[in-house]
Amino acid sequence: MNERLLRFAPGLFGLLALALWEAAVRLTGVPVYIVPGPIAIVGAFLSDPVGLLMALASTLAVTFTALIAAATLGLAMAVAMSASRLAHAAIMPWAVVLQVTPIVAIAPLIIIWVGDPFASLVVCAVIVAFFPVFANTATGLASVPPELADLFRLYGAGRWRTLTLLRLPAALPYFLSGLRISGGLALVGAVVAEFVAGSGGFASGLAYRILESGYRLQVARMFAALVLLSGAGIVINIGLGKLGDAILRRRGLSAVAGA
Amino acid sequence: MLRIEAVGRRFASGVEALRDVSLDIGAGDFIALLGPSGCGKSTLLRLIAGLDAPDAGRLVWDDGKRPAPGDIGYVFQDATLLPWATAEENVYLPLRLKGTAWSDAAAEVRAALHRVGLAGFESARPGQLSGGMRMRVSIARALVTRPRILLMDEPFAALDEFTRHRLQADLHTVWEQVGCTVVFVTHSIYEAAYLARRIVLMSPRPGRIAREIVSPLAVGPETRLDPAYAALVRTVTTALEGALEAA
Ligand SMILES: Nc1ncnc2c1ncn2[C@@H]1O[C@H](COP(=O)(O)OP(=O)(O)OP(=O)(O)O)[C@@H](O)[C@H]1O
Ligand SMILES: [Mg+2]
């Protein structure tokens with residue numbers, strides 16, 4: 001009983017909050033173009049589901065392309081960095097620079113340089129999503145117990161064998177937990193880039209719909225787009241978490257906590 | 001098989017871990033390196049394994065050549081298995097690193113697991129095995145290349161007493177069957193007295209060899225109750241206390 005209550009608690013709490021919200025909106029009589037109630041928001045979605053879902057698909061296309069690129073790039077750079085101290089010294093500071101630079105500040109530049117709208121959005125999202133998967137993988141590659149590294153040395157294993165049979169498998173849980181964080185960030189990066197690009201007028205993603213609705217004071221539609229965005233974020237986060245758990249369970253491992 | 005001649009090792013931190021250590025290791029020996037924590041036992045083992053190099057003195061192998069990969073087996077205090085690999089894959093690892101195909105290695109791998117009493121656990125992952133069983137996998141892994149010398153660094157220190165006694169008895173049996181040379185690091189007097197043919201006492205800072213005691217025991221099922229075993233423990237204890245006092 002208690003367990004079940006705990007499981008349904010988030011949903012119940014959400015429903016309660018929505019009901020209170022709807023009630024408050026009705027009782028106070030706030031106009032719908034300032035604070036719409038949940039029912040108005042659902043209505044806004046139902047009045048143009050195709051447009052909003054297409055926009056969502058466009059944003060997700062950027063997000064997943066960026067996530068795959070960030071994962072590939074992060075993995076490759078982490079491996080390069082673990083292979084040589086020189087590469088480590090050369091790469092690490094720049095990765096941090098990339099990490100601390102606000103994407104909003106460089107997005108306009110990227111959009112001008114890259115030109116192609118889709119590619120420039122992807123580049124922005126990659127910049128935002130790159131660091132967690134990169135840093136986590138680097139930590140994982142370095143997490144090998146010294147005794148195991150000694151064992152490989154004892155049996156004359158070269159760098160390649162040590163990488164493929166020891167360091168990469170050891171880094172897998174770290175990579176996966178980095179990927180989960182990067183997934184959420186890729187979405188954030190995509191949306192931020194769309195906002196910047198949106199004012200340039202060539203974007204088709206959800207952020208653009210939000211901007212557009214804002215100009216027209218369609219606040220309910222803004223909310224509908226927002227709900228789709230956070231829903232997508234939640235699904236990405238949970239989905240990547242489950243994917244990671246499944247992969248690790250098949251290998252008889254457990255996830256790294258808080259890496 | 002190996003002569004250690006006046007070997008010294010001082011680390012960059014300034015710690016002098018070993019000074020003027022000389023030891024002759026004969027083929028088929030079972031040597032226990034016994035001494036308090038920090039006296040350089042692990043350091044000496046790493047030097048023998050070639051994982052570290054001495055600053056002074058030298059190691060002379062009887063055939064004049066440095067041992068090839070697989071000539072030396074190493075068992076660490078923790079089992080240090082690959083957690084994502086099965087028992088079988090863990091034992092296969094040394095052969096795999098030598099480039100042996102699985103089809104050629106499988107029989108050898110299964111035999112090694114069988115020898116340490118783990119037949120039937122080939123596809124278990126380390127997480128599904130007890131501490132004692134993990135250590136058995138680790139020993140099988142060290143034996144699978146048929147090493148000339150087996151180095152063991154406090155392999156049973158983290159196990160409970162019952163498991164430790166079983167593993168000691170089984171290790172002794174395996175040693176008699178396989179006939180390889182064993183250098184066994186421990187800080188348990190009881191363990192050294194039970195297992196070793198030669199008990200080498202080390203004193204700390206800098207680590208040196210204080211004394212050597214040759215065991216008169218013929219190990220069998222009753223050894224732990226044997227008065228001769230108690231007498232040996234007593235001799236070793238007295239000698240170790242003397243060595244520590246002198247240091
Ligand atoms: N890589 C290293 N760098 C610096 N000092 C080291 C290193 N390895 C060991 N030492 C030092 O050398 C001394 C001997 O260490 P060693 O590990 O050989 O001792 P030990 O006899 O195996 O001890 P224990 O029984 O605790 O395992 C210690 O004082 C240790 O701090
Ligand atoms: Mg030690």
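Residues are numbered from 1 along each chain as its sequence is written, with chains lettered from A and ligands numbered from 1 in the order in which they are written. Because the model is predicted, local features need pLDDT of at least 70 and side-chain atom pairs count only at pLDDT 80 or more, whereas totals for chains, interfaces and linings use all residues; side-chain values use heavy atoms, with hydrogens and water left out.

The shell around ligand 1 holds 14 residues, of which B:Ser37, B:Gly38, B:Lys41, B:Ser42 and B:Thr43 come nearest, a residue being near if one of its heavy atoms lies within 4 Å. Among the polar contacts (pairs of N or O atoms within 3.5 Å), a polar side-chain atom of B:Ser37 is placed 2.5 Å from an oxygen atom of the ligand, and a polar side-chain atom of B:Lys41 lies 2.8 Å from an oxygen atom of ligand 1. B:Cys39 contributes through a backbone N or O atom, 3.2 Å from an oxygen atom of ligand 1. Of the 640 Å² of accessible area that ligand 1 has on its own, the protein covers 63%, areas being computed by the Shrake-Rupley method with a 1.4 Å probe. Helix α1 of chain B (residues 41–49) provides the largest share of the shell, three residues, helices being DSSP runs (H or I) of at least four residues. By class, the shell comprises four nonpolar, seven polar and three charged residues, with Gly counted as polar and Cys as nonpolar.

The largest pocket contains about 330 Å³ of space, and its lining includes A:Phe152, A:Arg153, A:Arg159 and A:Arg167. Helices α3 (49–83), α7 (146–154) and α8 (159–198) of chain A each supply at least two lining residues, with α8(A) giving the most, four.

One cavity of 30 Å³ or more is present, and the largest cavity has a volume of about 60 Å³. B:Val116, B:Arg136, B:Ile139, B:Leu167, B:Asp170, B:Leu171 and B:Val174 line this cavity, and α5(B) gives the most to the lining, with four residues. The lining of the largest cavity divides into five nonpolar, no polar and two charged residues.

Key: Polar contact = N/O pair within 3.5 Å; in protein donor to acceptor, adjacent residues only side chain to side chain. 1 Å grid on protein atoms, 1.4 Å probe; cavity = no way out; pocket = protein on both sides within 12 Å on 5 of 7 lines; lining within 4 Å. Points joined across faces, edges and corners; volume = space filled by probe spheres on them.
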